[in-house]
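Open the model in your viewer and keep the selection tool at hand. The tour goes from one stop to the next, with a note on what is there.

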Amino acid sequence: MKNVLITGATGGIGNALVKKFYDAGYNICASGTNSEKLNALSKYYPDRLTFVQCNLSEKNQIQNLVDQAEEKLGRIDILINNAGITRDNLFIRMKEAEWEEVINLNLNSNFILTKLIIKSMIKSRWGRIINISSDAAKIGNPGQSNYVASKSAIEGLTRTLANEVASRGITVNSVAPGFVNTEILKSVNKSRLDDMIQKVPMGRIGEANEIAEVVFFLSSEESSYITGQVLHVNGG
């Protein structure tokens, strides 16, 4: 059975990813910053899951994550870069710290972690890397120039890396969710949420498990001829 590393495992989409891969029998290393939520995951999934608390903004912690994941699982076959943050502000008011924090975690940590993991994939001539982007990278979003920039860069990185490692049996793809029913939507004003739903052709918000299903497909043998793609899962 394959081994999978999932970052941002304690969020809405992260939880759905853990459940999907666990139910399919995979060995999982789940990473996140919230120790209580990680402990809860380990109790809910008593075997085949190990968790590592990691602040992806810190290079030494990323190295520690990889070391622990490989120590407990062996080679990582599938990497899902799901972790991400927002620090919203209008561009003219955005502080440098808000810009740097988002770029560092959403983009730079992705680069560092992927580079560490991909070496073993190249040696084994098999691997799957799935980066979680966002519909915002395609359409832009006022007040999120830092977030949109980070996700747009991730999509460019996905396409380029896919070309570099395609001959080694490694596929690299991005999944770009639209509006998804996660904890963050609870903070959205109801009238604004209704307006958001009206703009979705399917007329509803997506569910986290629907994102997980697409990621799972891209990690499978059945997706072996798909690479360098950004798949939008947004209800149209």
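A pocket here is an open set of grid points with protein on both sides within 12 Å along at least five of seven lines, and its lining residues have an atom within 4 Å of a point. The model on screen is predicted.

**Stop one: a pocket**

Which of the elements gives the most to the lining of the second largest pocket? Helix 4 does, with 6 residues. The space in the second largest pocket comes to about 200 Å³.

**Stop two: Asn146**

Stay on helix 6 and select Asn146, which is found in this helix. Is Asn146 buried or exposed? Asn146 counts as buried because its relative accessibility is 0%, and the cut-off for buried is under 20%. Now show what surrounds Asn146: leaving aside neighbours within four places in sequence, Asn146 is in contact with Arg87, Met94, Glu98, Trp99, Val102 and Ile103.

**Stop three: the largest nonpolar core**

In soluble globular proteins, nonpolar side chains tend to be buried together. For a case in this model, select Ile6, Val18, Phe21, Ile28, Ile80 and Val215, which touch the most other members of the largest nonpolar core, a set of 30 residues. At least two residues of this core come from each of strand 1 (3-6), helix 1 (12-23), strand 2 (27-32), helix 2 (35-44), strand 4 (78-81), strand 5 (127-132) and helix 8 (208-218). Helix 8 gives the most to this core, with 7 residues.

Next, centre the view on Ile80. Not counting residues up to four places away in sequence, Ile80 touches Val4, Leu5, Ile6, Thr7, Leu17, Phe21, Ile130, Ile132 and Val215. Another core lies apart from the largest one; this other core has 29 residues, among them Leu65, Ile117, Leu161 and Ile170.

**Stop four: strands 1 and 2**

Finally, show strand 1 and strand 2 side by side; the two run parallel and are joined by 4 bridges. Select Leu5 and look across to strand 2, where the bridge partner of Leu5 is Cys29. Strand 2 is mostly covered, with 5 of its 6 residues buried.

How values were computed. Residues numbered from 1 in each chain as written. Predicted model: local features only at pLDDT ≥ 70, side-chain atom pairs only at ≥ 80, totals over all residues. Heavy atoms only, no water. 1 Å grid on protein atoms, 1.4 Å probe; cavity = no way out; pocket = protein on both sides within 12 Å on 5 of 7 lines; lining within 4 Å. Points joined across faces, edges and corners; volume = space filled by probe spheres on them. Buried < 20%, exposed > 50% of the residue type's maximum accessible area, 1.4 Å probe, protein only. Contact = heavy atoms within 4.5 Å. Core = buried A, V, L, I, M, F, W, Y, C linked by side-chain atoms within 4.5 Å. Pairing = 2+ DSSP bridges.
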